[in-house]
Amino acid sequence: MDDLILELKKQIIEVLNLEDVKPEDIDDDAPLFGEGLGLDSIDALELIVLMEKNYGIKLKDPNQGKEIFKSVKVMADYIKNNRTK
Amino acid sequence: MIIRRWIKLTDTSVSLNGKKIETESCGHALLTHLYRERNDYPKFFKMDALSKLGFIATELLLHDESQRFQPRGDRAVIFIGKSGSLADDTNYQKTIADKDNYFPSPSVFVYTLPNIVTGEVAIRNKYYGETCFHVIDELRADKIADIISDAFQDADTTSVVGGWLECSDEEHFEAYLFIVEASADGQAPEWNKDTIREIINNN
């Protein structure tokens, strides 16, 4: 699980162009949106693409993102249980 | 109309009001270098190449202006270029070119319009006036003079941040931007095609 969390942090930094952020700067339980990393709605769409592209998870209902993207740890849990690749 | 300040920023050099700013970088690295020297605005890294160019050029142009970041509706942002958002359009095309690896990027897609850069500059500086990006065939001082002069025809605009903003790809770009004002000032260069041409070619 720790490996997946680290992998996920690296992917988030890359796809969202968080140039000055390092994986260790992202708290496993910190909110990704609103506070924490301060991501916006376009970032949310990019995370949906990341889930499909890297883990084969297609979110049919965008509202699911509100729960899944609560934190990196919640996101990793969801990926662990639903990944197809 | 007069020119209050101007900047020339290309992929190999920078000068402000005719004074060269020394830098060792070039191309995309130059923009990142200039950003890191002067700014703390993480959204910069999410921008496409055209917006990065417009952002850095206007940051240099406006950095010591008094009353900066005070909301104002009398200043327009008007850019003119040849390639528009072609650099980002090309990047977006790459994300949808392969049917077996078809993952359109939302963050690349949002920059596939040339006028997005005018919004980035307006948001950054709290400008609520006109914003516009004109695409023309080639760099022409007379066109730049006419387009920006026309902006002063409305009742609200007293100042324009604008000029030539061209980015053919991430490594090749040029910006010749001006602060143009409606006021009369005997000390400042007059806003016309001859002055623009002289600044682009000599200063």
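Colleague: How do the residues of the lining of the largest pocket divide into nonpolar, polar and charged?
Modeller: They divide into nine nonpolar, eight polar and 10 charged, where Ala, Val, Leu, Ile, Met, Phe, Trp, Tyr, Cys and Pro count as nonpolar, Asp, Glu, Lys and Arg as charged, and the others, Gly among them, as polar. This is a predicted model, in which local features need pLDDT of at least 70, side-chain atom pairs count only at pLDDT 80 or more, and totals for chains, interfaces and linings use all residues. Residues are numbered from 1 along each chain as its sequence is written, chains are lettered from A and ligands numbered from 1 in the order in which they are written, and side-chain values use heavy atoms, with hydrogens and water left out.

Colleague: How much space lies in the largest pocket?
Modeller: About 700 Å³, a volume being the space filled by probe spheres set on grid points that are joined across faces, edges and corners. A pocket is an open set of points on a 1 Å grid over the protein atoms alone, where a 1.4 Å probe fits, with protein on both sides within 12 Å along at least five of seven lines, and lining residues have an atom within 4 Å of a point.

Colleague: And which residues are closest to its centre?
Modeller: Of the 27 lining residues, the closest are A:Val15, A:Asn17, B:Ser105, B:Ser107 and B:Val108.

Colleague: Switching topic, how many salt bridges are there between chain A and chain B?
Modeller: Three, each being a side-chain nitrogen of Lys or Arg within 4 Å of a carboxyl oxygen of Asp or Glu. A:Asp20 forms one with B:Arg36, with the closest N and O atoms 3.0 Å apart. The side of chain A that touches chain B has five nonpolar, one polar and six charged residues.

Colleague: How many residues are in contact there?
Modeller: Counting heavy atoms within 4.5 Å as contact, 12 residues of chain A meet 10 of chain B.

Colleague: What is the volume of the second largest pocket?
Modeller: About 260 Å³; 16 residues line this pocket, and A:Leu18, A:Leu37, B:Pro42, B:Lys43 and B:Lys46 are the closest to its centre.
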